[in-house]
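Welcome! Please take a look at the sequence and the 3D view, and then we will walk through a few features together.

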There are 2 protein chains.
Amino acid sequence: MTKLLQLYKDMPVYEKDTAKALIKGLRLQLLQLQFQVAKQDKPVILVIAGDDRAGRHETINTLMGWLDPRFIRVNAYGPAEKLDEQKPFFWRYWRDIPAGGHIGIYMRAWTSTSVVQYLNDDISGKKLKRRLAYIRQFEKSLHDDGALVVKIWLHLSKDAHQERVDEIRDTSFFDPKDELALKNFDKAIETIDHVLCETHSKDTPWHVISGEDPTSRNIHAGQTILQAMQKWLARAPVAVAAAEEYEAPPPADPNLLDSIDLSPEINKEEYDSSLKKYREQLHQLMDQAHEQGQAVVCVFEGVDAAGKGGAIRRVASAIDAGIYRIVPVAKPTDEEYAHHYLWRFWRHIPANGMMTIFDRSWYGRVLVERVEELATPEQWMRAYDEINDFEEQLTIHGIIVVKFWLHIDQDEQMARFKAREITPHKMHKITDEDYRNREKWPQYREAIHDMLEKTSSKKAPWTIIPAQDKKYARVEVVKTLVKALKEAL
Amino acid sequence: MTKLLQLYKDMPVYEKDTAKALIKGLRLQLLQLQFQVAKQDKPVILVIAGDDRAGRHETINTLMGWLDPRFIRVNAYGPAEKLDEQKPFFWRYWRDIPAGGHIGIYMRAWTSTSVVQYLNDDISGKKLKRRLAYIRQFEKSLHDDGALVVKIWLHLSKDAHQERVDEIRDTSFFDPKDELALKNFDKAIETIDHVLCETHSKDTPWHVISGEDPTSRNIHAGQTILQAMQKWLARAPVAVAAAEEYEAPPPADPNLLDSIDLSPEINKEEYDSSLKKYREQLHQLMDQAHEQGQAVVCVFEGVDAAGKGGAIRRVASAIDAGIYRIVPVAKPTDEEYAHHYLWRFWRHIPANGMMTIFDRSWYGRVLVERVEELATPEQWMRAYDEINDFEEQLTIHGIIVVKFWLHIDQDEQMARFKAREITPHKMHKITDEDYRNREKWPQYREAIHDMLEKTSSKKAPWTIIPAQDKKYARVEVVKTLVKALKEAL
């Protein structure tokens, strides 16, 4: 007994003249709404999915004719077996997320592909279950960020499906897979209904539309999109609406940062020999990782002047230059700013066999953006979940995620600022802003503490590096990477 | 008798102490120059290539240790046989062109890959010759735009090569290919020398460095880059330097545009039946093109209000939505603005089997940017060659390129502007700027004329569409596309 799919029965079928009149009005309204959408700073994401032969292509082609196609991008993905396995599952969908004011139509995307993968036994029931949780999180993340997500599922009854296959059986449109689909109809429908129910929510509901009468199908799809856009354009600012869902974290336990033992140091000889040893190991291990297709993500965060740059250089110059990239994270470009804040990090996720080193990262959301009030409380509060989900997408794909927090105390920081001011090739690194940031030390402490506490997972743990002694810190960083690679390879 | 490669013999080999002192000074200077580079609005492109076993990787790794690796991107390309054949040869190199102020190191890039392809018999001597012409044009284009291009070739003598292979013969570093390379040494060197000579120019010269002594090799490479950067940073504004090379086009022949017969029109019945017929053909042909991996690029340019949008919609809605993309070309994003002006178009070149429709295009350089003086005369004058080369890169890869110029006269334009002002859903399309542009009609005429005359090649011809009658224009556009596809498939 299907639950969501039965909804389609209630839909009217329109006579020719009624249809013509409805379409005329619909086109004009859709076109006008499209201009209003273009002025929004958030995108519209339309998912058009459905049963085999239910008319997904035709529906999308019709919508492209009704709307102005110049400002819509259709993102169509190959059959599941041809998916680029070099990157995490959601990578390609994130990559194609439209910028604010744009409309993206997704076909054969995350839901359809998951259904097909499950029906083809490419993923187990257990994996499907996990996948559905990720889909919920992905769509929630888009919705929470202010995007409109409209999901349409086109459905055909078994009889209608049979009829449609019979119609084309002797034409070039017929595909042996059609016969197979018909044979497996019941199992497919059961799976689809399960998947729809599990990914149906108040904010990103499924709209099930009958694919039987093509014209009525197109009208229903158009009306569904029209109504969703109208409601979205009239929405209250999203931050207010979402505020209740998130609670401020409990006051930070001040002890965590204070309890970091900053005393470790090593002498020059120890430094030279240890660094040499671990760098050689790192070189070999990364060559091996490259051969084996093992990807690595390194995140460097830390107090200003804690020595991130120096540590990164010791790591990078130990690795063959062709297999890693360093991504310095600063102010987003306007293209990046027009997207969900995680988009610009998804862009740089390494392919299998490669390493990406992030010099600062997505944690800016819960550090500088929180403290400087560049993100609203709702935004940074929900970011912990979003970040954990993001990193889980990486680790579940098999990527090693290593995150470093380089820590020094306030006195050491001041000493380094002063030293920078009198060193010719370091002067450019010190600005008034650095001193201003120092005044917000208590707020940063709290933000750092919350971050370390809420985003240290088993697969993507934080490694806190006491960096009062630069030599010690550099050796520790390289050593930690070596350990992580040894465990994984 | 080699010509360029023999240069390497004149290079000194440094003793250990000298080397140490030289490196210390070099590192400091390079690091300081790197900060100056970061303030430039043009990029630095370093090509590090060389014979097998001459130490390309080691040299790059060393440079990454000397410079600040966080602001350098190494672009390494797979072996020739693994090249992604979905896109034109130069596509990947354009994609990775650094933004202004950034440094990109290229390894196994356009020159090396061409040598390897030729030695492996993947491309013929004739193709190599053509490729070398493209390489000259590509590097010239980067240089003319103001980039610094430094090309280093690391060379080993036959004896040194033999020695190096002997050294590693019993280690895991040995590769059976080494033996083969040694056997084919003479032919390889002959090819390399030929390729270097053919791609050596005053502005983008090759620097041949001996790979025999690793430390001296690194120092020579570092010094070469240092000197090139110093010279580049002290350069005169590039536009002035390049000015002499380009001559203004002869005054436009006013007859070309006037000779366009704007009278053709068709009635409603003819329009409906012809459009239906050609759209159905287009649908089928594009399905076939998709199956066969045939890519298509459509360019729509035209007088304001000539009906580009309407024509594009008639084309787009005839094609299956999953296989085409429309790229509306407006103001560049800041990321695009920081790159060579062709970069943002290379980004959108279709993969095999896909169509990209450009709603306005790279021709903006020689139209609006010329007339509004957004590009210097040197920039738009050399753009004709650059554009012809760009389109040749597409057609040589097998992409169909169809370019439409939609033309109406001034009276018709005014009538359409007026009509837009009183049509609710078209009002947004008309601004004061449109009227201002009209005042520059004579300048635009000249620019249009030059463009049509200088960029209509056999493989990428302009199709001039008399668009006084919208119905006629739309049918002509779809018909032209159908014809182009029929000829190619």
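Predicted model: local features only at pLDDT ≥ 70, side-chain atom pairs only at ≥ 80, totals over all residues.

Helices here are DSSP runs of H or I with at least four residues, and axes are lines fitted to C-alpha atoms over the stretch in contact, with angles from 0 to 180 degrees between N-to-C directions.

Chain B is superposed on chain A by a rotation of 180° with 0.0 Å of shift along its axis (RMSD 0.0 Å), using least squares on C-alpha atoms of residues with pLDDT of at least 70 in both. That is the relation of a two-fold axis. In chain B, D334(B) has the C-alpha nearest the axis, 3.1 Å away.

The copies meet through the same surface, because 100% of the interface residues of chain B are also interface residues in chain A.

## A stretch from the record

UniProt, in an unreviewed entry, places a "coiled-coil region" at residues 268-295 of chain A. This span is 89% helix and 0% strand, and its end C-alpha atoms lie 33 Å apart.

## Reading the numbers

Residues are numbered from 1 along each chain as its sequence is written, and chains are lettered from A in the order in which they are written. Local features need pLDDT of at least 70, and side-chain atom pairs count only at pLDDT 80 or more, while totals for chains, interfaces and linings use all residues; side-chain values use heavy atoms, leaving out hydrogens and water.

Technical notes: Contact = heavy atoms within 4.5 Å. UniProt positions renumbered as here; feature names shortened; annotations may be inferred. Helix = DSSP H or I, 4+ residues; strand = E, 2+ residues; numbered from the N terminus.
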